Amino acid sequence: MSEQPPVIEVCHVSRRFSRRLDLVQRVARRLGARVHERTVHAVDDVSLTIGEGEAVGLVGESGCGKSTLGRLVAGIDTPSAGEVRFRGQPVAQDDSEAARRTALKIQMIFQDPLDSLNPRHRMGRIVGEGARYHRVVPSGEIDSHVDTVLEQVGLDPSMKSRFPHQFSGGQRQRIGIARALAVRPEVVVCDESVASLDVSIQAQIINLFMRLRAELGLAYLFISHDIGVVRHIADRVVVMYLGRVVEEGPTKTLFDAPNHPYTQALMSEVPRLDNRHVDFNPITGEIPSPLDPPSGCHFHPRCPHAHERCRMEVPRLKRLADGRFSACHLNDA
Amino acid sequence: MVAPASMPTLEVEGLETRFITRRGPVPAIRDISLTVNKGEIVGLVGESGSGKSVTGLSIMGLIEAPGEVSAGKVLLNGEDLRKVSRRRLRQLRGDRIAMVFQDPMMTLNPVLRIRTQMVEAIHAHDQSVGAEAARQRCRDALAQVGIPSPEERLDAYPHQFSGGMRQRVAIAIALLNRPDLIIADEPTTALDVTIQAQILAVVQSLCREHGTALIWITHDLSVVAGLAERIYVMYGGCVVEQGGVDAVLDRPLHPYTDGLIRSVPWHNEPGRPLNQIRGMVPPLDRMPKGCRFWPRCDRATEGCRAPVALDEIRTGQRARCIHPLVESR
């Protein structure tokens, strides 16, 4: 192998959630009733890569599977099919030493820091616990290690003995970031990590993410419904709709000329400061239920360009002339 | 009471609401004056703790103990809502003035069918409406906000709707009696972009067609940019800037407004550090004296520690600042 494998490779990963039949339904099925397990394809045959120090943005609306994909990459959840590789090695889901080491290298930062921080633990313990347990640093150096990490994220180490509720929203998000960094990860999955913050605080945290990336060479999978934030932070953007990737490409190309009709709709409907006195004329239709997705291209019921083929055939993610990928039958015409 | 054509739908003057705490009364909003004309969409923008929601609730008369509206006038079509009887206030609320919340489940009762709740809203204000006529009005209201097959959906329960559809139902209920004013508090914040755009379209056409006045409360400058004609920017319980949407967003006078606009990612070169406002919003009981923003402001001087008035600095554009951003930028 001449080339270095990417840090993260997601290969044809699917994640299905099914609701088990209850007793009555199982008996009914035995008796010949037509009862089926209901299955949600939260993530449906998705592949993506994250290169060394690269920031990949993952955008889409609720129910598109972006958070599930994030959890699969972070190893919190196991794919139903396909595999996630870290530096060419499949991420194992066992208790082996190798699996633990890999798990440490991929960390996750959540949306609501208050939900993900133990309210009964002091901040110093929250940040240091992972590092202590996994012996990331010798046990005598834990305290100084925690101090270093706290300073890195802009928190005052003298506040170590406070509880999470004594911090503001922005500070709590910094604690979540510090906890992730304390085990020296190489990849950080950020799931809506700035979504619940006020505009002025959001800017501070986005700047922190960018500074940490430059200082530590971190790779990001940056999941957000906020396209403006993703445009700012990501090198490459992946757009998902109902469990599938519909478009992927370098941020600038994708934002300058979105190819997929869904991406186009998403871009045109993001409110922007420069768009004044708008006559709102949005795409119609709701996001369909993932339990019962439309046939063919999932987007066809809402798509202004849909034709017969879109209803029948699932469009493949194909490479376009400018190097990006899009899953739309219109590109074949 | 028929209001003269020139009278604004809503006029708020010097509104103050405070909360009684163990350490004495703490004002949450102070000296709030707003005007909303017939059919006009006005944006009320601010971060958490700026007092924007308290302003909405105070106008509606929905502040409960330990809070109290302690000063000011709220004139709806010339009638002061702070002086009218409770009975009259109940008559006006839901009829002439309505509110839409961020979480539609604040409005909807989870155990009642949509129809029951909507008919109740009609009958509360006019008992003479017959059952069939009421049903017809509910159906029309649902159709108006873009709910497909409204006839069947009337019999559904709130949990059978998606978030976006539920918010439409809440808006439909607010619209039932054709109010003169709707106060919408972050109604699309929890919704996806494409659904948000649909709701904005509905709201915009309603204001245009029926002359409903609207106050859109949000933390998101970008939504207001597209929707509103005029905006009020709040910080620390005060209006710090107000004016036409183009004036305020293109030529902000107050350093806080300017900072907010500059920190929006779309306004920054991708990959470069965002402009940020340092520090954070102080808690209500520890608001600095004078200009609330001075500890975070680069232009602050000694003079900022004295009370600052909301002065008209350009025609139609006011700012509460003694060092406004004029020319010298």
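## Domains of chain B

In this predicted model, chain B splits into domain 1 (10-96 + 180-319) and domain 2 (104-176), with bounds taken from an automatic or database domain assignment. Their centres, taken over C-alpha atoms, sit 29 Å apart. Where the two domains touch, domain 1 of chain B puts in 12 residues and domain 2 of chain B also 12; a contact here means C-beta atoms, placed from the backbone, within 7 Å. On the domain 1 side, H7(B) gives the largest share, 5 residues. That side has 8 nonpolar, 3 polar and 1 charged residues (nonpolar: Ala, Val, Leu, Ile, Met, Phe, Trp, Tyr, Cys and Pro; charged: Asp, Glu, Lys and Arg; polar: the others, Gly among them).

## Overall build

Chain B carries 10 helices and 12 strands, read as DSSP runs (helices H or I, at least four residues; strands E, at least two) and numbered from the N terminus. Along the principal axes, its C-alpha atoms fill a box of roughly 65 × 50 × 45 Å.

## Where chain A comes in

Chain B brings 39 residues to its contact with chain A, and chain A brings 35. Helices H6 (163-175), H7 (193-210), H8 (221-227), H9 (245-250) and H10 (255-262) of chain B each give two or more residues, with H7(B) supplying the largest share at 7. By class, this side of chain B has 20 nonpolar, 15 polar and 4 charged residues.

## Conventions

Residues are numbered from 1 along each chain as its sequence is written, while chains are lettered from A and ligands numbered from 1 in the order in which they are written. As the model is predicted, local features need pLDDT of at least 70 and side-chain atom pairs count only at pLDDT 80 or more, whereas totals for chains, interfaces and linings use all residues.
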